[in-house]
Amino acid sequence: MAEALMDLEEQISLISLSEQITLMAYLANAIKVNSAKLQERKKSNRLGVAKGKFVVPDDIDFCNDEVAQMFGAD
């Protein structure tokens, strides 16, 4: 991988400045798109993973005072 990056750096130095800017913009966009796809995939893997595994009561805040006391925040 390091050799490939060094070769890429050498190749970039051989092209014009406007081509370098175009190449960098292309690479930046590709990284941004791939990063967004990766984040989207991570989110979709988590959604629904616990669906049907437990029941949440209608009033989930019924013991807030007790929890606050346990952490000394009363």
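**A guided look at a predicted model**

Visitor: Why is Y26 called exposed?

Guide: The label needs over 50% relative accessible area. Y26 has 57% relative accessibility, so it counts as exposed.

Visitor: Where does Y26 lie?

Guide: Y26 sits in helix α2, which covers residues 17-46.

Visitor: What makes the nonpolar surface patch?

Guide: Four residues make it: M24, Y26, L27 and I31, with an area of about 440 Å². To join a patch, a residue must have over 30% relative accessible area. Y26 is at 57%, so it clears that cut-off.

Visitor: What is the secondary structure made of?

Guide: There are 3 helices and 0 strands. Reading from the N terminus, you get α-α-α.

Visitor: How do you know where confidence is lowest and where it is highest?

Guide: Look at the mean pLDDT. Helix α1 (residues 2-13) is lowest at 74, while helix α3 (residues 64-70) is highest at 88. Over the protein, the average is 78, and 81% of the residues score at least 70.

Terms used:
Residues numbered from 1 in each chain as written. Predicted model: local features only at pLDDT ≥ 70, side-chain atom pairs only at ≥ 80, totals over all residues. Heavy atoms only, no water. Patch = residues over 30% accessible without salt bridge, like charges linked within 9 Å, V, L, I, M, F, W, Y side chains within 5 Å. Areas by Shrake-Rupley, 256 points an atom, 1.4 Å probe, with all protein chains shown as cover. Salt bridge = Lys/Arg side-chain N within 4 Å of Asp/Glu carboxyl O. Helix = DSSP H or I, 4+ residues; strand = E, 2+ residues; numbered from the N terminus. Buried < 20%, exposed > 50% of the residue type's maximum accessible area, 1.4 Å probe, protein only. pLDDT = per-residue confidence, 0-100.
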